[in-house]
Structures are given as structure tokens and as C-alpha cells.
Amino acid sequence: MKNQWLIRYSEIFLKSDPVRRQWENVLIANIREVMPDVHVRNERGRIWLDGDVKPDRLKNIFGIVSFSEVEHIKIDELEQFLPDYSRRHGIEKAKTFAIKIKRVGTHTFSSNDKAIEYGNLMRNEFPHLKVNLARPDKEIHIEIRGDAVYLYDAVTPGVGGLPLGVEGTLVALVSGGIDSPVAAWMMMKRGCRVVPLFVALDTFLDETTLAKAERVTATLAQYQPGIDLVIVRDGYLAKAKAELARMHREKYTCLFCKRRMYRIATAYAESIGARGIVTGESLGQVASQTLDNLLVLTDAAEMPVYRPLIGLDKEEIIKIGRRIGTFEPSISPASGCTAVPHGPSTKARLTDIREIERTLDATRMPLPLPLPD
């Protein structure tokens, strides 16, 4: 008998054989990245792990739908082994049970044949038990693959999604608030490696806000090992806000600020070969996120802008943030932006914003980019 771990995936299985093999290999590489001493082998639809497996890390690897610790024996050992396995896994405390059979390969019996056979065996061994296939107190799963048998009694949910990296890289604008880390996480779940970018608005944000963004990024490292916050310091907003005040157009301050952030994120994404930028915007949540204003913001990006939270309300976003662990660091104390005007515009016109932007001296400031390591 040998203890192993069974890893299940779902969406990968639906792909063509070449894509499936490629994505399986990415998932295996991601497992090895967090558990380098684990031995990995795969069959179609299954990945098996041997060694020092850490279940808490498996839970955070994108692409894993569920996993189980299994005991591996030969099929001719099963009849003798099953009662002992069940006893060690608490069958005597249960009143009802079910035997669930999964079978792969060519055999002289059906799955139903074996379910009946081993169900009768269990009732003879443990006379107090009754069969309940719908809601048993105890389930024993038996997976038969050729002449190999794997037994398990628990299925632990994984994070699901696609293996991290199969869809390329995105740059995520991260503020340290509730929404942006959830948006970054959701794109990770769809197979994107994310580079978090914090634009430090000189004069209007202090180090407490930056520290919060760093804490949020550290939480995301549970899902993308090695992730690091990229920081860009920029003096554009102070100059642009002063010019807008002289023009009595301060209501557009947030839009000009975010257009600048979009341009910085786009330029950085292009420099590292990323395929788009991610934001935490949700339609109608704040003044800059109305349909009119989102059009104004999108105009400043020269690559796709992904907004995975666009149709979610605040409670839905908070629920995800709590589940993935980013909520607590994102509500830790910080000063926040002091540049927000009284009565910000909610229905800006793109033609007006473009025209004002052309007249600003701040527009001619170069885009700051992070220095290479």
C-alpha cells in the first residue's frame, strides 16, 4: 500500500490533445514551483503526487478543481484491504455509507457490479451500517484504473480555473483598496500571470497607502509565487490639478489622474510584453466608473483593458476578497488620496476631455517607467 495524492482538473480536459498536454505541463510546473521535492506523474484527466505534499498549498494552485489523499493498492488486494481501510477512516462511527466506484480501462466487470459486491462486503463486516447513496454519513471512493486501485474518503475543493500562465501576462493597476486585488486574482484564475503596478501620486498619497498595496500584494503571493509590487512615482497629478483649478475644471481631476495611470500601465505593459491591463472598476460604483467616464478612461489605453468586476456589486466583491484573503489587508488604515474634488464629474464627454488635455502643460510630462533590476 502506498499513500499518494490525486489531483483533479476540469477545463483542461475539454481542450484539444495538443492544448491539453501543454496546459497539463504548465499545471505540473506550477505544482513543482511550490513543492519542488514532490514527484509528479500524470494520466489523462488525473495528476498523481508522491512525497512531501502540502495540502494548504494545493488549495491555492489555479487549475486544480479538487484533490484527495489516496491509498494505492493492486486490484486483487482490494477485497481484503477495504474493511481495514474503512475502519481506519472512521466507518464504525457512521450509521449509513456508500461505495462510489470510478473505473478506467477494460475489465470483465462493470462499476455497478463492484459497487454491489463491495457494498455487501461492507455490510457483512459492519452489520450496523445501512446503504444511503444520496446522503451517506460516510463515503468510500474506489477508483480502478487497469489493475491499480486508489481509495479515498475525502475530496478537498481547489481554487479551480486555468493553470497560471497559460494565457500570458497582464499588468494590474493596484491601489491597495478592496477591488483591485480581487480583479487581479480573478484574472489569475483565468490563466494570467499578473504584474501589480502601483502609481504613487506624489503630493496626494503617502507611504501608508503604498504599505497597504504591498500587504495586499503579499497576500496575492499565495496564488502567484514570486509576485512583487512594481512602484512608479509620478508628479503629473499635482501639476494637472493646479492647471484644472485655474480653468475651473477641477471636477475632472479623477478622470485625468486615471487616464495618466492607464497610460503608465500601458507603457509598462508594452515594455514587458504583457497583453493588457487589469483594473478593479465596477460599473456605477464611484463617479469615475459610470459608463460615460469608463469610455473616457478606456480611450487613454492603447491595449485591452480587462475589468473582471464590472458587473459585480460591492458586497459580491467583498465576499470574494474575504474568501481569498485580500479583504483584511485592503481595509487596514491608510490616508487615502487627497486630490479628489468636491462634486466630481459623472458624465464627462470624451471630446471635452481630449480638448482640455491638449491644452495642459502637464500632458507633455514624460511617462515614468520602473527602472530595470
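**View 1. Arg-88 is partly exposed in this predicted model.** Its relative accessibility is 42%, so Arg-88 falls in the partly exposed class (buried is under 20% relative accessible area, exposed over 50%, partly exposed in between, with a 1.4 Å probe and protein chains only). Arg-88 sits in helix 3, residues 78–88 (helices are DSSP runs of H or I, at least four residues, numbered from the N terminus). Leaving out residues up to four places away in sequence, Arg-88 touches Glu-71 and Phe-81 (contact means heavy atoms within 4.5 Å).

**View 2. Helix 9 has a buried face.** Helix 9 spans residues 291–298. Asn-293, Leu-294, Val-296 and Leu-297 are buried there.

**View 3. Helix 8 packs against helix 9.** Their axes lie 9 Å apart, at an angle of about 40 degrees (axes are lines fitted to C-alpha atoms over the stretch in contact; angles run from 0 to 180 degrees between N-to-C directions). That makes helix 8 oblique to helix 9 (under 35 degrees is roughly parallel, over 145 roughly antiparallel, 65 to 115 roughly perpendicular, the rest oblique). From helix 8, Leu-255, Lys-258, Arg-259 and Tyr-262 meet Asn-293, Val-296, Leu-297 and Thr-298 of helix 9.

Residues are numbered from 1 along each chain as its sequence is written. Local features need pLDDT of at least 70, side-chain atom pairs count only at pLDDT 80 or more, totals for chains, interfaces and linings use all residues, and side-chain values use heavy atoms, without hydrogens and water.

Definitions and conventions. Helices (H or I, at least four residues) and strands (E, at least two) are DSSP runs, numbered from the N terminus. The arc is that of the directions from the helix axis to the C-beta atoms.
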